[in-house]
Amino acid sequence: MARSSIPPGISLIRSLRGKDWSFSSYRYAVLLITFIAYTCYHASRKPSSIVKSVLDPERDKSLVSNIWPLGNVFVREELFDSDVNRLTKKGWEPFNGKGGTSKLGEIDVAFLACYSMGMYVAGHLGDSLDLRLFLTSGMIGSGIFVALFGMGYFWNIHAFWFYLLMQMIAGLFQATGWPSVVAVIGNWFGKRKRGLIMGIWNAHTSVGNITGSLLAASVLEYGWGWSFILPGAFIFLGGILVYLFLAAYPEDVGFPCPYASGNNEETGPSKLEAESQNLESNDRQPHVNSQSSSTRRSVGLFEACLIPGVIPFALCLFFSKLVAYTFLYWLPFYLSQTEIGGVYVSVKSAGNLSTLFDVGGIVGGIVAGHLSDKLNARATTAATFMYLAIPSMLLYRFYGGVSATSNIILMMVVGLFVNGPYALITTAVSADLGTHSSLKGDSRALATVTAIIDGTGSAGAALGPLLTGFLSTKGWDEVFFMLVIGALIAGLLLSRLVIAELNDIFKRKQSDNPHSFTGAESRPLLSDQR
């Protein structure tokens, strides 16, 4: 691989400042830019869930004037434009006829199937190519094809194959995102507090969902095509930002890699921080380290699969993302078709209301990351959250329609438990395994491991919305039964790792208190004294 070049934006900043940033400053910049990048990715995935009820309306519902707590944000209003009124009543061919709901499910699964398959290829390419250019290409390509889907409205296209093809190509470009951003973060951060840092950083998933929902809903009144074009433009601009400012590897801006030979995973970052302070005190610009990003070899898919823990977490994520992506793609549709406190909400209001699920998801990702750091037990934390998601989903199904207040509270609780393990596995766990000690510090496996885990998970993400498209025609109870089974299996798949972690925790506590059991063991039992 050719050596990565310094991003143009950083070169410009260096020339203007007359000196380089510290290692810490680069870390903060990398966190911010990758956060924005994946926010753009998720924002561009939301339009299809927002416009489902416009493309395939099922009933003409009565108006409602107010829903707590955000007033007019969650209001059933008259749609603003006669064309949208027409669409709301008649839908958009080919999605408004018989089997229209199933076609919407097929559109989702086409996107996610291509996303899942593309992930395996993208992960290996991400470990072989310049991550900055690879990520930029994926974001710009995603923006173009998301916008082209929306152009079907303006071009008056009613051919199902057009929308299917646009989603499939968009899915392939979207596959470049997650392996790349996780690899970049793993290149800059060691394992210590990785769960908490990545839990906070992973809020980009929920922030992206919220942003995409608000962007798509805000222009829905002008025609559903705009609900795709605006998020498409958003990720296109994000790709330009990545090209200008993202330093994908520490070596490319003059710092040694934390995982280069001789650097311990835990102590490497602190040594680099000390080095950056020394460089600043000498007021000189660091030279590119001899161990550049181009000298480390990438690992193959089979070799990465042999890393301990990769397969169990990948299978767990299959079912975890099945649950999470069903909510991602179908929650706005479910809200618009379900009574809440005896009334129905509009398509726009349902899209806005669904963002509260992601608010709970932000909290869940941070809490799961922090707990897994404190306990040093990633699998135990993920499994516990999946088990707790089961009663929370059942409560939401049976009591979420009682009132707006109960719906909002229970939705946020479900978001917390569903997105917590999903966030943990796709971030901290993937980064841990991608820098596993079995790699001996000389391989680049971060993007490949991330691709294996998230690619497998994305197959589940494709299956969930597809099954929902069929099951929802029979009733929503069947959909929630599927989600409960998925969460249960996800937790059970980590059982062996959970047992190993609990044994390690017990041994650590016993080693920390070596005499805690001495007294009990040295005294004979009362029955022995008789």
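The model is predicted, so local features require pLDDT of at least 70 and side-chain atom pairs count only at pLDDT 80 or more, whereas totals for chains, interfaces and linings use all residues. Residues are numbered from 1 along each chain as its sequence is written, and side-chain values use heavy atoms, with hydrogens and water left out. The protein chain contains 22 helices and two strands; these are DSSP runs numbered from the N terminus, with helices being H or I of at least four residues and strands E of at least two.

**Overall composition**

- Of the 530 residues in the protein chain, 58% are buried, where buried means under 20% relative accessible area, exposed over 50% and partly exposed in between, computed with a 1.4 Å probe on protein chains only.
- Contact means heavy atoms within 4.5 Å; among contacts between residues at least 6 apart in sequence, 84% join residues at least 24 apart.

**Cysteines**

- The structure has zero disulfides, a disulfide being a pair of cysteine sulfur atoms within 2.5 Å.
- Cys-40 is buried at a relative accessible area of 1%, and Cys-114 is buried at 8%.

**Individual helices**

- H8 is mostly covered, with twelve of its twelve residues buried; among them are Trp-178, Pro-179, Asn-187 and Trp-188.
- Helix H19 (residues 476-492) has 17 residues and reaches 25 Å from its first C-alpha to its last, close to the 24 Å expected at 1.5 Å a residue.
- The buried residues of H19 include Trp-476, Phe-480, Met-482, Leu-483, Gly-486 and Gly-491.

**Helix packing**

- Two packed helices are described by the angle between their axes and the distance between the axes.
- Axes are lines fitted to C-alpha atoms, for helices over the stretch in contact, and angles run from 0 to 180 degrees between N-to-C directions.
- The axes of helix H3 (residues 47-55) and helix H11 (residues 226-245) come within 9 Å and cross at roughly 175°.
- H3 is therefore roughly antiparallel to H11; angles under 35 degrees count as roughly parallel, over 145 as roughly antiparallel, 65 to 115 as roughly perpendicular and the rest as oblique.
- On the H3 side, Pro-47, Ser-48 and Val-51 meet Ser-227, Phe-228 and Pro-231 of H11.
- By class, this contact of H3 with H11 has four nonpolar, two polar and no charged residues; Ala, Val, Leu, Ile, Met, Phe, Trp, Tyr, Cys and Pro count as nonpolar, Asp, Glu, Lys and Arg as charged, and the others, Gly among them, as polar.
- The axes of helix H10 (residues 203-218) and H15 come within 9 Å and cross at roughly 170°, so H10 and H15 are roughly antiparallel to each other.
- Residues of H10 including Ser-206, Asn-209, Ile-210 and Leu-214 meet a set in H15 that includes Lys-348, Asn-352, Asp-358 and Ile-362.
- The contact of H10 with H15 has seven nonpolar, eight polar and two charged residues by class.

**Backbone features in loops**

- A cis peptide bond with omega of about 20° joins Glu-93 and Pro-94, and Pro-94 lies in the loop between helix H4 (82-90) and helix H5 (100-128).
- Asn-156 is not a glycine but has a positive phi of about 55°; Asn-156 lies in the loop between helix H6 (131-154) and helix H7 (160-174).
- Asn-376, also not a glycine, has a positive phi of about 50° and is placed in the loop between helix H15 (347-375) and helix H16 (378-399).

Methods
The expected span of a helix is 1.5 Å times one less than its number of residues.
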